[in-house]
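Please find my notes on this model below, as numbered points.

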Amino acid sequence: MNNVLCLAYIGDAVYSVYIRKYLIDKGICKVDKLQKESVSYVSAKGQAKFIENMINSDFLNDEELDIFYRARNHKGTRHPKNTDIITYKYSTGFEAIIGYLYVKKNIDRLNELINYILEV
């Protein structure tokens, strides 16, 4: 799969499942509380913060950086009303990396990435 937006689409779903499981494993069982807790992880702002941290700490390898930059630089001007275009593009790049690792069945690296986020 070469389409970075498709990778971001599936990455969004995979990442959401990981975060939901993490929060449930923490003992949060009420849906409204789960929703509130998940926002800092799954919002465009949260994802942009995580990806910037990963880039600045040299956590990502060259292949992952390539996926990120391709997704971030993908032409498009549409974005949600509650975030700016730059934040949205960073979060799209973040989700594309998640999707890429999932599609490539590189679950060990996907788990490393998720654990890095949960430790930040």
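How many disulfides does a search of the whole structure find?

1. The search of the whole structure finds zero disulfides, a disulfide being a pair of cysteine sulfur atoms within 2.5 Å. As for accessibility, C6 counts as partly exposed because its relative accessibility is 38%, whereas C29 is exposed, with a relative accessible area of 65%. Here buried means under 20% relative accessible area, exposed means over 50%, and partly exposed lies in between, with a 1.4 Å probe and protein chains only.

2. On the source: this is a predicted model, in which local features need pLDDT of at least 70 and side-chain atom pairs count only at pLDDT 80 or more, while totals for chains, interfaces and linings use all residues. Residues are numbered from 1 along each chain as its sequence is written, and side-chain values use heavy atoms, with hydrogens and water left out.

3. Helix α5 covers residues 85-103, 19 residues in total. From first C-alpha to last it reaches 26 Å, close to the 27 Å expected at 1.5 Å a residue; the expected span is 1.5 Å times one less than the number of residues. Helices (H or I, at least four residues) and strands (E, at least two) are DSSP runs, numbered from the N terminus. At the start of α5, a side-chain oxygen of D84 comes to within 3.1 Å of the backbone nitrogen of I86.

4. Two residues of α5 deserve a separate entry. T92 lies in this helix and counts as buried because its relative accessibility is 8%. Its C-alpha is 20 Å from that of I107, at a sequence separation of 15 residues. E95 is also placed in α5, and E95 counts as buried because its relative accessibility is 13%. E95 and D25 are 70 residues apart in sequence, with 22 Å between their C-alpha atoms.

5. Which residue just after α5 takes a positive phi? That residue is K105, with a phi of about 60 degrees, although K105 is not a glycine. K105 is in the loop between α5 and α6 and counts as exposed because its relative accessibility is 69%. For reference, most residues other than glycine have a negative phi.

6. D58 is another non-glycine residue with a positive phi, near 55 degrees. D58 sits in the loop between α3 (44-56) and α4 (62-72). With 68% relative accessibility, D58 counts as exposed.

7. Helix α6 spans residues 107-119 and contains E112. Is E112 buried or partly exposed? E112 counts as partly exposed because its relative accessibility is 42%. The C-alpha atoms of E112 and D25 are separated by 18 Å, and the two residues are 87 apart along the chain.

8. The second largest pocket holds about 180 Å³ of space. The elements that give two or more residues to its lining are α1 (4-25) and α2 (31-42), and α1 gives the most, with six residues. Residues lining this pocket include D12, Y15, R20, V31, Q35 and Q47. By class, the lining has six nonpolar, four polar and two charged residues.

9. Terms for the pocket are as follows. On a 1 Å grid over the protein atoms alone, a pocket is an open set of points where a 1.4 Å probe fits, with protein on both sides within 12 Å along at least five of seven lines; lining residues have an atom within 4 Å of a point. Grid points are joined across faces, edges and corners, and the volume is the space filled by probe spheres set on the points. Ala, Val, Leu, Ile, Met, Phe, Trp, Tyr, Cys and Pro count as nonpolar, Asp, Glu, Lys and Arg as charged, and the others, Gly among them, as polar.

Methods. A polar contact is a pair of N or O atoms within 3.5 Å; within protein, one must be able to donate a hydrogen and the other to accept it, and residues adjacent in sequence count only if both atoms are side-chain atoms.
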